Amino acid sequence: MNDNVRVLGNRYEIGELLGRGGMAEVHAGRDARLGRTVAIKLLRTDLARDATFQARFRREAQSAAALNHPSIVAVYDTGEDTMVEASGAVVNLPYIVMEHIEGRTLREVLGEGHHLDVDAALEITTGVLTALEYSHRIGIVHRDIKPANVMLTPVGDVKVMDFGIARAMSDSSSTMTQTQAVIGTAQYLSPEQARGEQVDTRSDLYSAGCLLYELLTGRPPFMGDSPVSVAYQHVREQPIPPSHLVGGIPESVDRIVLHSLAKGRDERYQTAQDFRADVEAARGGQQIYAPMPAMTGSQATTQFMPAADGTRAMPPVPNAAQQGASLYGDQATTVGGQNQYDPYQQDQYGRRSHEPESDNRRPLVIGAAVLALIVVIAIILSQTVFGGGDDPSSNANGDGTTVSEITVPEVVGSAQAVAIKALTDRQFPEDNIKITKVETDNADEVGKVTKSDPGEGETVSTEDTITLTVGKNANTATVPDLSNMSVSEATQALEDEGLTASPQEITQSKSTSPGIVVSSDPASGESVKPGSSVSFKYTSSNVTMPDVSDMTYNKAKSALAAVGLKASRTYSETTALSPNTVIEAAYNVGDSVARGSTVGLTVAKAPTATETTEPSTDPTETVAPTTDPTATTDAPTATATDDSGDDDGGDDGEDDGLGGLG
C-alpha cells in the first residue's frame with residue numbers, strides 16, 4: 001500500500017472525492033485485499049460529533065446491508081475510523097464500503113429541462129420499481145426516491161441508492177418529521193410525508209410517480225418558490241397531465257402517472273408490483289388497469305382532457321425537430337425553444353410565470369404562502385389536540401391503519417384473474433383473496449369463478465377474507481407459468497394445481513437474480529395428469545468465477561454475463577499485453593461469487609506515448625485517447641453519490657425544513 005494514502009480498516013484505500021452531500025462524502029477507493037474498485041462513503045467530519053447524524057449514518061448501513069438486489073447499490077462492508085480533532089479529542093467516523101458504479105445519476109442525465117422518450121422513461125421506472133418491490137418485500141421503505149438517487153450505467157442498468165433515511169416499516173417512529181422538519185426532497189414528497197404522517201410503501205410509489213413525471217416532461221409535477229409552497233401543492237393541487245407538456249405521450253401513460261400521484265394513499269397503486277405491471281403493459285401496448293383520474297368537489301374545477309381529444313386549450317407541442325439538442329443518446333430532448341410551450345409561463349392551469357410581470361404578483365404569492373402556513377398550523381393543532389380528522393366513512397385500527405368497507409361485485413362466471421382485478425379495483429387487498437380450486441367436468445367452468453364467499457352484494461371489511469372457488473379440469477392439470485417466481489412461489493403454484501414440485505438449482509444462467517425460476521419441464525401451459533411431478537430450474541445464489549484471463553474486455557464481460565455476473569474495468573499501463581486485454585480479475589478462477597456481483601477487471605492500456613507510434617492493427621481493440629493521461633476508467637464514473645444530503649435539501653441545495661402540512 002502507498003504510505004501516503006489514507007487506509008480504513010487496514011484494507012480500504014481512499015481515493016478521489018466523487019461527491020459531497022448534506023451528510024456524507026463519497027470517495028473512490030480500492031479494496032486492497034480483493035483488488036477491486038469500491039466506493040467509500042464517510043460521514044462528514046464536521047458532523048462527526050453530532051449523535052443524530054451518527055445514528056442516521058449507522059441506520060443507513062444497516063438498511064442497505066440488508067438489501068441484496070441487482071437494482072440496488074450493494075454494500076460490501078461497514079466500519080468506523082478514528083479522527084483526532086485539533087483540540088485533541090478523538091471522534092469516531094463511520095464509513096460504508098459500497099459497490100462502485102460506472103454511470104450517471106438521472107439528475108445528471110436529465111440536466112436542466114431535458115426529458116427522455118416515453119419508452120426510455122418507462123424502462124428506467126421499471127428498474128426503480130423492481131428495486132422497490134424487493135426492498136418493500138423485506139420491509140424497508142426508501143423514503144427519498146428522486147433522480148439524484150437513481151443511477152444509470154452505460155449498459156442501461158438501473159441502480160437505486162442512498163438508503164440514508166430508509167426505515168423498516170415496523171419502526172413505529174418512522175414518521176416523516178424530526179424536530180418539526182420534513183425529511184426528503186420537496187419535489188418528490190408524498191402528501192402524507194408533507195403532512196408529517198407515518199409513511200408506508202405507497203409513499204415510495206408516489207415519489208416514483210414524481211420521478212416518472214420528470215423523466216417524461218423534464219420537470220417535477222409541482223414547482224414553487226420554496227419547499228413549503230411545493231409541499232403544499234403535493235397536498236392540495238392536481239398535476240398537469242404529462243401529455244399537456246410534451247407531445248407524443250400516450251393517454252395510457254398519463255393515466256399511470258396520475259394514478260401514481262393520487263393524493264390519498266388508498267387511491268394510488270398499492271404495491272410496486274402493481275405499478276410495474278402497468279408500466280410494462282404500457283410499454284407493450286397492452287391494457288393497463290390504472291383508472292382515468294376522477295375528481296370531485298374542489299378538485300373538479302380543473303378537468304384534464306386526454307391528449308388525443310380534439311379540443312385542447314394548450315398551444316400545439318412542436319415536433320422532435322423543434323425540441324432541441326439531445327442529451328441521452330437520441331432519446332433526450334430539450335424542453336425549450338421559441339415555439340415550445342414553456343411550462344414555467346402562466347397558463348390555463350394557473351402555473352406561475354417567470355416573466356417580468358410576475359414581480360407584480362409577488363405580494364399575492366407571499367400572501368397565499370402565509371395563508372397556507374396558517375392553514376397548516378391549524379390542521380396540525382387540530383390533529384395534535386383533537387386526535388386528527390379521520391374519514392368518517394372508514395374506521396381506524398389501533399395501529400393507525402384505515403379499515404374500509406366494500407360491496408362484493410359480481411364475479412361468478414368471470415375468469416380468476418378478472419375476478420381478482422374486480423376486487424382490487426375496489427381497493428380490496430389482494431392478500432385477503434383466497435383461491436380454492438375444485439374439480440369440474442364442465443369445460444365452461446374451468447378457470448372461472450363458480451362461487452364467492454361472501455357473495456355478490458354483501459358488504460365486507462377490507463380486513464376480511466373473500467374466498468373464490470375456481471373450477472379445474474377433473475382429469476387433467478395445467479402446468480402454470482413459473483418464470484421469474486421464487487422457489488417457494490413456484491412450489492405453491494404447482495401445489496395449487498395438484499402437482500408436485502421438483503426444484504433443481506443451476507449455476508449456468510444469465511439471470512443476475514438468485515433463487516428465480518428460469519424454466520420448467522413440462523413447460524407452462526402443458527396438460528399433465530393430476531399429481532404429476534414438474535421439474536423446474538432456479539438460479540443459484542452463488543456462481544463459479546470463470547477464467548477470463550487474456551480475453552479482451554468485451555469477451556470477458558460476455559463470459560461473466562453468461563453465469564450471471566457483471567463487469568467493470570480499470571486500466572493499467574503495460575506493453576506486455578495488447579490494449580484492452582484482461583490482466584487480472586478481482587476473483588480467482590473457481591471462486592464462489594454472489595450472483596449479480598460486479599467483477600472488477602484490470603485491463604491493459606498502452607503507455608502514454610512520448611513519440612509517434614504505429615496504430616493498432618486491430619481497430620476493435622483500440623482505446624479512445626483521453627484528455628487526462630491519469631484517467632483510470634473508460635467511462636464517466638460516479639458512485640452512490642450522496643448529493644441529496646438526505647433531509648438537507650437534496651440536489652437543489654435547499655434546506656427542506658417544511659414542517660407538517662395539512
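Okay, Tyr587: you'll find it in the loop between strand 30 (582–585) and strand 31 (592–594). Strands here are DSSP runs of E with at least two residues, helices are runs of H or I with at least four, and both are numbered from the N terminus. Before I go on, this is a predicted model, where local features need pLDDT of at least 70 and side-chain atom pairs count only at pLDDT 80 or more, while totals for chains, interfaces and linings use all residues. Residues are numbered from 1 along each chain as its sequence is written, and side-chain values use heavy atoms, with hydrogens and water left out.

So, is Tyr587 buried or exposed? It's buried, at 15% relative accessible area. Buried means under 20%, exposed is over 50%, and partly exposed is in between, using a 1.4 Å probe and protein chains only. Which residues does Tyr587 touch, leaving out those up to four places away in sequence? Arg36, Met545, Val593 and Val599, where contact means heavy atoms within 4.5 Å. With Arg36 there's a side-chain to side-chain polar contact at 2.9 Å. That term means a pair of N or O atoms within 3.5 Å; within protein, one must be able to donate a hydrogen and the other to accept it, and residues adjacent in sequence count only if both atoms are side-chain atoms. Met545 is 42 residues away along the chain, yet the two C-alpha atoms are separated by 6.9 Å.

Next, strand 3, residues 24–31. Six of its eight residues are buried, so the rest of the structure largely encloses it. Pairing requires at least two DSSP bridges between the strands. Look at Glu25: it stands opposite Arg20 and also opposite Leu42 in strand 4. Strands 3 and 4 make a hairpin with four residues between them, and Gly35 in the turn has a positive phi of about 65°.

Last topic, salt bridges. How many does a search of the whole structure find? It finds 20, counting a side-chain nitrogen of Lys or Arg within 4 Å of a carboxyl oxygen of Asp or Glu. Take Arg107 and Glu214, with their closest N and O atoms 3.0 Å apart.
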